Amino acid sequence: MQNNRLFMILVGVIALLLLVGVGYVLGNQSASSDEVQATATPASNPSIATGESGEATHKAAVQRLIEEGFNQGNVDVVDEVYNPGYVGHLPSSEVNRDSLTFDDYRELITLLRTAIPDLHMSSEMIIEEGNLVTVYAVLQGTFASEFYDMPPTGQAINLAFTVIQRFDEQGKIVEEWIAYDTSALAAQFGTAIEGQN
């Protein structure tokens with residue numbers, strides 16, 4: 001039961017990141033494909049998230065989270081990007097949990113990197129508007145080690161998700177809304193979410 005809850009949290013985080021990406025594409029419909037691709041590039045200086053003009057941007061912070069946190073397994077980036085009072089809102093599902101905390105997020109990255117050693121997350125689209133960022137992202141890799149109580153399948157994982165993130169006045173993520181397909185996630189992890197066929 002607890003493992004399914006954590007699993008759904010993971011799915012939620014992935015979905016939230018995807019939402020941010022969709023927003024970026026919609027906001028830059030007139031941009032060339034080269035310009036859109038450039039937005040998925042992580043910040044060149046890992047100590048500060050900066051945009052093309054050198055100014056700190058919320059979008060660059062999200063790119064750091066994806067590259068350093070998920071792709072490199074550096075959970076310390078969560079401390080730099082997230083407000084300790086962070087709350088992640090999860091979609092309605094069979095899991096008896098509707099939110100994600102700061103500590104949950106750190107744990108999630110560690111568990112994912114262990115279960116999917118070749119994990120790679122890409123930000124397909126990122127849109128920044130004021131203190132909000134929407135990300136559409138894709139997580140890929142091989143389910144090679146146990147994830148919570150789910151045994152590894154050795155199969156490829158390819159999950160898309162959308163996330164809307166709200167930044168506080170200090171430039172840290174304080175709130176997220178996460179969207180994902182729970183059935184697709186369950187199928188790829190070789191399990192059934194409680195209450196689903």
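In the hairpin of β3 and β4, G130 takes a positive phi near 60°, and 2 residues lie between the strands. Helices (H or I, at least four residues) and strands (E, at least two) are DSSP runs, numbered from the N terminus. The model is predicted: local features need pLDDT of at least 70, side-chain atom pairs count only at pLDDT 80 or more, and totals for chains, interfaces and linings use all residues. Residues are numbered from 1 along each chain as its sequence is written, and side-chain values use heavy atoms, with hydrogens and water left out.

β3 and β4 run antiparallel and are joined by 9 bridges. Two strands pair if DSSP finds at least two bridges between them. E128 has V133 in β4 as its bridge partner. Which residues does H58 touch, not counting those up to four places away in sequence? They are E128, G130, N131, V133, F167 and G171. Contact here means heavy atoms within 4.5 Å. H58 belongs to helix α3. Its relative accessible area is 18%, so H58 is buried. The cut-offs are under 20% for buried, over 50% for exposed, and partly exposed in between (1.4 Å probe, protein chains only).

β5 and β6 pair in the antiparallel sense over 6 bridges. I164 stands opposite W177 in β6. Of the 7 residues of β6, 5 are buried, leaving the strand mostly covered. β6 also runs parallel to β1, with 4 bridges joining them. There, G88 has E176 in β6 as its bridge partner.

Now the whole sheet. It is open, has 6 strands in the order β2-β1-β6-β5-β4-β3, and its pairing is mixed. β2 (99-101) and β3 stand at the edges with a single partner strand each, so one side of each lacks a neighbour in the sheet. On average, neighbouring strands are turned by 20° against each other, direction ignored. β1 and β2 pair in the antiparallel sense over 3 bridges. H89 has S99 in β2 as its bridge partner.

Helices lie across these strands. α3 lies across β1, β3, β4 and β5, and runs at about 170° to β3. α5 lies across β1, β2, β4 and β6, and runs at about 90° to β2. Axes are lines fitted to C-alpha atoms, for helices over the stretch in contact, and angles run from 0 to 180 degrees between N-to-C directions.

How do the helices meet? α3 (residues 58-71) and α5 (residues 102-115) pack at an angle of about 55°, with axes 9 Å apart. That makes α3 oblique to α5. Angles under 35 degrees count as roughly parallel, over 145 as roughly antiparallel, 65 to 115 as roughly perpendicular and the rest as oblique. L65, G69, F70 and N71 in α3 meet Y105, I109, L112 and R113 in α5. The contact residues divide into 5 nonpolar, 2 polar and 1 charged. Ala, Val, Leu, Ile, Met, Phe, Trp, Tyr, Cys and Pro count as nonpolar, Asp, Glu, Lys and Arg as charged, and the others, Gly among them, as polar.

Last, the core. The largest nonpolar core has 41 residues, and Y82, Y105, F147 and F189 have the most contacts inside it. Contributors of at least two residues each include α3, β1, β3 and β6. α5 gives the most, with 6 residues. Such a core is a set of buried Ala, Val, Leu, Ile, Met, Phe, Trp, Tyr and Cys residues joined through side-chain atoms within 4.5 Å.
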